[in-house]
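Visitor: Could you show me how to read a structure one feature at a time, with the general idea and then the case at hand?

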Amino acid sequence: MRGRIIPSLALVCLLPLTAWAQQPAGQAPVEDAAARRQQAWEARLAEQNPLAVGAALDAQGRVWLARVQERRLRVSHSADGGGSFSAPVAVTPQPEAVTADGENRPRLAIGADGTVHVSWTQGLAKPMSAHIRYARSTDGGKTFSTPMILNDDRQIVSHRFDALAVDGKGGVAVTWLDARSRSGRTANKSPQTDVGLYAARSADGGATFGPNRRVAEHSCQCCRTALAWSAQGPLAFWRHVFGRNIRDFAIAALDGGPVLRVTDDEWEIDGCPHHGGGIAADGRGNLHIVWFTNGEKRKGIYYRRIAQTDFSKTDARLDMSAPLALGDAARQAGHPAVAASGDRVLLAWREFDGRRFSVWAMLSQDAGANWGAPQKLAEAAQQADYALPLVDARQALVVWNAAAEGLRVLAVAKP
Amino acid sequence: MMRAWLFALALLGTTAAAAGQLQPFTDDSLPAIQKRLAGRPFILTLWSLTCHHCAKELQTLGRLARSDRTLPLVIVSTDTPAEARQIRAALQRFGLAHVDTWVFADAVPERLRYAIDPSWRGELPRSYLFDAAHRRVAHSGLINEAQLRDWLKRQRAGG
């Protein structure tokens, strides 16, 4: 059990997307460093059963799960709130390096018609290089389509940290961080300049995707991206680089619109947080965001609500609640996530007291205006994944995978 | 995997007694280091093989170490003992093989991060400047070489 997590230990800071190429040519460390990175990357690719999983609810309230086992991405579902799961079905016909290490995890979304959509990041042999992959099932998860590669440049560079959202009416959106614009010319400049947020869209339920679109330039390199499908179409949420090196969060509408800054923590760091955020849209059109920061103005994990706004407008006026601190900073509250359905909003995060991990959740029944008390749902004695909240009108659940205790689906009590 | 890791750890444990060798960093290592360096200022730097900024950080520290053989440096890799060979090679390459070097040795690295500093969230590179009284200042991200040299000068002037 312990051995399983070891490769991920090496990857506490996965910040370089194409990094070693940035070193000035002719300096001795370059080759050696490249070899070292190659070895660390290969150790990670060889990981058979990583901890990071993906989860989603369908319209019937069934829990769907995507996880990597024996280098295959497998999907199963549970009709009893996670008590028992169906036999897992392989999405990847051949073993491949599905990255599942915390910020990178398989993503699942179930359309109203029952179509099961899956996206993931496939690590390639060259360090930090990867493709964004997608497959779907139109027969209730019995079989999956042949996986396709969504990044249409097909370059062996970093395309990672995918997020997935569907509208239930045939719309499918996938975003990721992409280093395709990095070139010999830009590589010698600031390492922050040439990674961006890219998107692929489908209007036919994932049968085909249109050309990739660059949503934003100049993003942070190694924090997960997030997507929510609102009344205005899909909205992306990610850690951006503002100014020279301020790593705060942004929202942009994939249908077109500006990059809008939605956190003002003023976190300036020549390093890698590897700690992103989440977004969800409720039934009233509000957005709910959660994020981590270690900025000048605030440190820790936070929640805020953003009232419905026209995100296509450059002068969009953002009506945002004050950041609400979550969890116990002394216990390293981190890796927050959010889910919403109708008026119900569920937040979940992880804490660590120096010895053990614990998972926490907080539920609102009125679209984020009032919150129940934080609830501690479980502990883990060894390594643990992030918490994944799932909510609908009847259930509030947190999926949590842990090395010693295995995968648990935990019920959140009503406030 | 587990066996390989434990084997690497055991190997490290038995061979790391001498200064200048990679030692397993556990949750009681920092107090031991501070005890050994009581009354002396020192720099603690945390890095990883997979961290691009960390390579730059090690280059800076290597440059400092070359110009000052008495630089009080403690360098801790957050990789695993299984990667000891690559870690040693990197330290060698950056001219840091002779300093006090360590590697995280716990299946849950968060435990070690917490033992060093509960307010450190794992971002790298991470450094701590300890003065002679071992009051420390933390820094996340690349450290500025001029500021580091200035700090060193002040520590030495202040005794």
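Guide: Let us begin with Ala367(A), whose place is in the loop between strand S23 (357–364) and strand S24 (375–380) of chain A; helices (H or I, at least four residues) and strands (E, at least two) are DSSP runs, numbered from the N terminus. This is a predicted model, in which local features need pLDDT of at least 70, side-chain atom pairs count only at pLDDT 80 or more, and totals for chains, interfaces and linings use all residues. Residues are numbered from 1 along each chain as its sequence is written, while chains are lettered from A and ligands numbered from 1 in the order in which they are written.

Visitor: Is Ala367(A) buried, exposed or partly exposed?

Guide: A residue is buried if 20 or more other C-beta atoms lie within 10 Å of its own, exposed if 12 or fewer, and partly exposed in between, with C-beta atoms placed from the backbone. Ala367(A) counts as partly exposed because it has 19 C-beta neighbours inside 10 Å, and although it is not a glycine, it has a positive phi of about 60°.

Visitor: Which class does His335(A) fall into, buried or exposed?

Guide: His335(A) has 24 other C-beta atoms within 10 Å, and is therefore buried. His335(A) belongs to strand S21 (residues 334–341) of chain A, and it too is a non-glycine residue with a positive phi, here of about 50°. By contrast, Thr146(A), in the loop between strand S7 (130–137) and strand S8 (148–149) of chain A, counts as exposed because it has 7 C-beta neighbours inside 10 Å.

Visitor: How should I read strands that lie side by side?

Guide: Strands of a sheet pair through backbone hydrogen bonds, either parallel or antiparallel. Two strands are said to pair here if DSSP finds at least two bridges between them. Strand S17 (residues 277–281) of chain A is joined by 5 bridges to S18(A), and the two run antiparallel, with Gly277(A) opposite Trp291(A). These two strands form a hairpin with 5 residues between them, and Gly285(A) in the turn has a positive phi of about 95°.

Visitor: In what order do the strands of the open sheet in chain B stand?

Guide: The open sheet of chain B has 6 strands in the order S1-S4-S3-S2-S5-S6, with mixed pairing. Strand S1 (22–25) and strand S6 (136–140) of chain B stand at the edges with a single partner strand each, so one side of each is left without a neighbour in the sheet. Within this chain, strand S2 (residues 42–47) and strand S3 (residues 73–77) pair in the parallel sense over 5 bridges, and Trp47(B) has Ser77(B) as its bridge partner.

Visitor: What average pLDDT does chain B have?

Guide: pLDDT is the predictor's confidence in each residue, from 0 to 100. Chain B averages 86, and 87% of the residues score at least 70, but over residues 1–18 of chain B the pLDDT is below 50. Where pLDDT is low, the predicted coordinates should not be read in detail.

Note on methods. Contact = placed C-beta atoms within 7 Å.
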